[in-house]
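Work through the exercises below with the structure open beside you. Try each task before you read its solution.

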Amino acid sequence: ADGAVTGAIVGFRDIQDEVAARHELAASESRYRGLVDALPDATYVFRAVRDDDGAVVDLTYTHINLAAAVSYQRAPQDMLGQTLLTLFPGLESLGVFDFCTNTLITRQPGYLRVPSFDVNGAKTAFDLTAVPFGDEVLVTARDITAALAAKQALAAAEQQYRLLAENATDIVWQLDADGVLVWVTPSVESVLGWAPEQLVGTDPADLVHPDDRRVLDLRRASAYSGETVVPFELRLRTAGGDYRWISGQSRSTIGADGAVDSVVAGLRDVHDEVSARTALSHALEHDPLTGLATLSVAAARIDQLLDELSRSGRPGRTVGVLCVGVDSLKTVNEALTHTAGDRVMMAIAFRVASIVTNPDLLARGSGDEFIVLLPDLVSGADASVIAEQIRRAVHGTVTIGTHHVEPTVSIGIATGRPGAHGVELVRDAALAMHRAKDNGRDRFEFFQTRLAVEAQHRLSVEDDLRQGLGQGQFVPWFQPVVNLDDGAVIGYEALVRWVRPDGSVVTPDNFIPVAERTSLITELDLAVLRQSVQMLGRLPAPMVVAVNVSAPTLAHADFARWVITELTSSQVDPTRLHVEFTETELLNISERVRGTMGELADFGVRWYVDDFGTGYSSISHLRDLPIAGLKLDLSFTAGIAVGDPRCEQLATALVGLASTLGLDTVAEGVETPEVATVLRAQGWKHAQGWLYGHAEPAAARLPS
Ligand code: C2E
Ligand code: CA
Ligand code: CA
C-alpha cells in the first residue's frame, strides 16, 4: 500500500532451441553473406521499397559483394541504403527494375540479358539472375562482354571461311596435246560433283551438253591451232546427271616443236547468272500481263514471214498485220482502276486468242493494242474476214466486281508490200486502227498510203473551207502595229481566223496551205480585204490596216479593180490600206503583177514586203517596184531575243537598206521590252508582237 514492491512473480520458458536457432540463423546468414561476397560475379541484395498500396516503387541496396564494388569502382558503403533507381536511373528502361520486382511478385527466380549498359564509360553486356528471399531479392550480374565479343568474332570468322569455301568454285584443269584431262583442282567436286580421279584420263568433251558440242569443237580448234586465249561458255554434265552453265577461258602452251602441248582452262560456274539472263530475255520478249510476245518480237516475226514468203516463190501471197486497239480502255482505267483495265485487257486477250489460236501469231502491241499476224494471205478480203471474227469475238460483258464493261475493239489492217519491214507494217496497221477509232470504233479499216490519206484530208478540209467561206466563217482578227518610239498604236494587221460554228478558232497555217492549192485562197483574201476595209471605215483616221495577200490573189487580173471598188465604196483614204505580200513572191513577179502594183500604188495603196530577210530578193526589186515598207520576219526578232549576233547584224543591215531606199520599217514578233529596245536602237520605226497585243476580233479593237 505504501507503494513499495513487496515481491515478484517470474515466469520461465525454455528457449534453448530458439537461441540455438538464432545462432544457427546468424551463422547461416554470415555463411550466406560470405558466400555472396566470395562470388566472382557482381552480386547485390535489394530490399523492396513499397508505397502505401504495397506496390514496389524502388529497391534499396542492402548488400553488395566485392565483385560488384570492383566492377562499379564504388565503395559498398556509398551504395548501401541508396536505391537502384536513384543510382542507376538508366536501368529502368533496360527492364532491370521490372525484372527484379517481378521476381519479388512471382517468387520465381529469373534470368535477363542486358545487352549493353554503360559501366565506367565502357559498353558492357550482362546476364542477370534474380532470386527472391522474403522481401529481398538477390541479383547476380555476370559480365559477358568478352564472351559475346569472342562469340561474334568466331561467327564472323566462320562466315568468312564458309564464304571462302563456298566460293571456291573456280575449277582449273589441264588437257594434254590430245585433249585428255591430266589434272584438275579438287573444286571440281563441289561444282560438278565429280571426284578429280573420276575425270583424270578422260576427255571432258564427253561432259559437254550435246547442243554445246559445236561451240566446244570451235573453241578447241582455236585453242589447239595455237590461239593463246580462248573464252567459252557451255553446259557441263554434273555427277547428278544435270547440266550447269560454265564459263571459262583456256590458255594454250606451245611446246619446243611449235605445237600446242597442253591447254590449261579456268572454269567458273555461271549457271545462276545464265539462268537469270535467260529469264530476263524472256521477260523482254513477253508482255508480263498477258504473257504474249512483245511488239519487237512480232516485228521480227513479220520480217521472217515476209522473208520466207519471198523465198517460197508463191506470187500473190502476202503477210497481213492486224492492229487490234481496245476501245475506251482509258475510261475503264480512270473510272475503275488500272487493275480493272488489266482485267479487261486479259479478257480481250483470251477472246482474240480464241480466233488466233497459234500463239506465235499473237503479240501485245504498245499500250492497249494487240498485234495479229496473218501469214500467207491471198487477199485483203481474207484479212477482213479474220478482223471481223475478232471484232465479234471481243463482244460480251466483262464483269469486274459490281461493274460491267462492254469491250469493243477497233482494228487496223495492213498488208505487206514490196520492201516493207515488220515495224512499218505494224505502224501502218496502227494508223489504220486509229482511223477505225475516228470513224466510230468497233470496226476495222484498211491502211491507206499517206498520199491517199492526205488527199482525203485535203478533200474534206477543202469542202469545209468552201462551206465556211459561203457562211462567212473567215474573219480578220486585228493585231496592233505600234510606233516603236512611243508605243502609240498606228493601226492593225488583219490576220484571218476561221471561226467554226462550234466556236472553235482555227489559225491560218491549218487552212491557208490547202486554200492556196485551190482557187479558194483568192475568195478568202477578198473576204478578209472586204472586212478590213470596213474596219478602216470604223477606225479613226489616220489609223491603218494591213492585209495579207497570197500570190494567186495578187496575180488575179481583177485584183486591182476589187481593191479600188472596196475602197471607193467605203470612202476610205487608200493610203490607210497596206497590202502585204511575201518576199518570195517578189522574185517572180510577172508584168501583170507589176501593173497591178503600179495601178494600186498610184491609187494610194501602200505595198509592204512581208517576212523580209527570209527570201533572196535583190535590192533592185525593191527599187523598181512601188514598195512602201519592209516587215522584218519574226524569226530574226526571235533570234535577237536569244542574243544571236547574226540576227542582230542582219536586222541592222536591213533597217539601213530600208532607210537608204526611204522605206518604212516594221519589226514583227516583238515579245519583250528588251527586244523592243534593241530594235529601236537599230532604227526600226514600227513594231508588232505579243508585247503590244495578240490578234483579236474587230469588236475588241474599236473604240467603244
Ligand atoms: P504573217 O503575216 O507573218 O503574220 C504574223 C504571224 O505571227 C501571225 O500568225 C501572228 O499571230 C504571229 N505573231 C504576231 N505577234 C507575234 C509574237 O509576238 N510572237 C510570235 N511568236 N508570233 C506572233 P498567224 O495569225 O497564225 O498568221 C500566220 C500567217 O498566215 C501570216 O503570217 C500570214 O502569212 C498568213 N495569213 C494570215 N491572214 C491571212 C490572209 O487573210 N490572207 C493570206 N493570204 N494569208 C494570211
Ligand atoms: Ca503579214
Ligand atoms: Ca510576217
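**Exercise 1: a metal site**

The calcium ion (ligand 2) is coordinated by E493 (OE), N548 (OD1), E580 (OE) and D610 (OD), at 2.1 to 2.4 Å. Donors are N, O and S atoms within 2.8 Å of the metal (3.2 Å for Na, K and Ca); water is not among the atoms, so sites may look incomplete. The model is predicted: local features need pLDDT of at least 70, side-chain atom pairs count only at pLDDT 80 or more, and totals for chains, interfaces and linings use all residues. Residues are numbered from 1 along each chain as its sequence is written, chains are lettered from A and ligands numbered from 1 in the order in which they are written, and side-chain values use heavy atoms, with hydrogens and water left out.

Task: Find the spacing of the donors, and say which residue bridges two calcium ions.

Solution. 
- Step 1. Along the chain, the donors of ligand 2 follow E-x54-N-x31-E-x29-D.
- Step 2. D610 is the bridge between the calcium ion (ligand 2) and the calcium ion (ligand 3), which are 4.3 Å apart.
- Step 3. E493 sits in strand 19 (residues 489-499) and D610 in strand 23 (residues 606-612), so this pair ties together parts 117 residues apart in sequence. Strands (E, at least two residues) and helices (H or I, at least four) are DSSP runs, numbered from the N terminus.
- Step 4. E493 and D610 are both buried. Buried means under 20% relative accessible area, exposed over 50%, and partly exposed in between (1.4 Å probe, protein chains only).

**Exercise 2: the surroundings of T43**

Task: Is T43 buried or exposed, and what does its side chain reach?

Solution. 
- Step 1. Locate T43 in strand 1 (residues 42-50).
- Step 2. T43 has 0% relative accessibility, so it counts as buried.
- Step 3. Its side chain reaches the backbone oxygen of D41 at 2.9 Å.
- Step 4. Leave aside neighbours within four places in sequence. T43 then contacts V36, H63, I64, N65, A68, L138, V139 and T140. Contact means heavy atoms within 4.5 Å.

**Exercise 3: the partners of strand 5**

Task: Which way do strand 1 and strand 4 run relative to strand 5?

Solution. 
- Step 1. Strands of a sheet pair through backbone hydrogen bonds, either parallel or antiparallel. Two strands pair if DSSP finds at least two bridges between them.
- Step 2. Strand 1 and strand 5 run antiparallel, joined by six bridges. Here F46 stands opposite V137.
- Step 3. Strand 4 (residues 122-133) and strand 5 are also antiparallel, with eight bridges. A130 faces V139 in strand 5.
- Step 4. Strands 4 and 5 form a hairpin with two residues between them. In the turn, G134 has a positive phi of about 55°.
- Step 5. Six of the eight residues of strand 5 (residues 136-143) are buried, so this strand is largely enclosed by the rest of the structure.

Notes
Polar contact = N/O pair within 3.5 Å; in protein donor to acceptor, adjacent residues only side chain to side chain.
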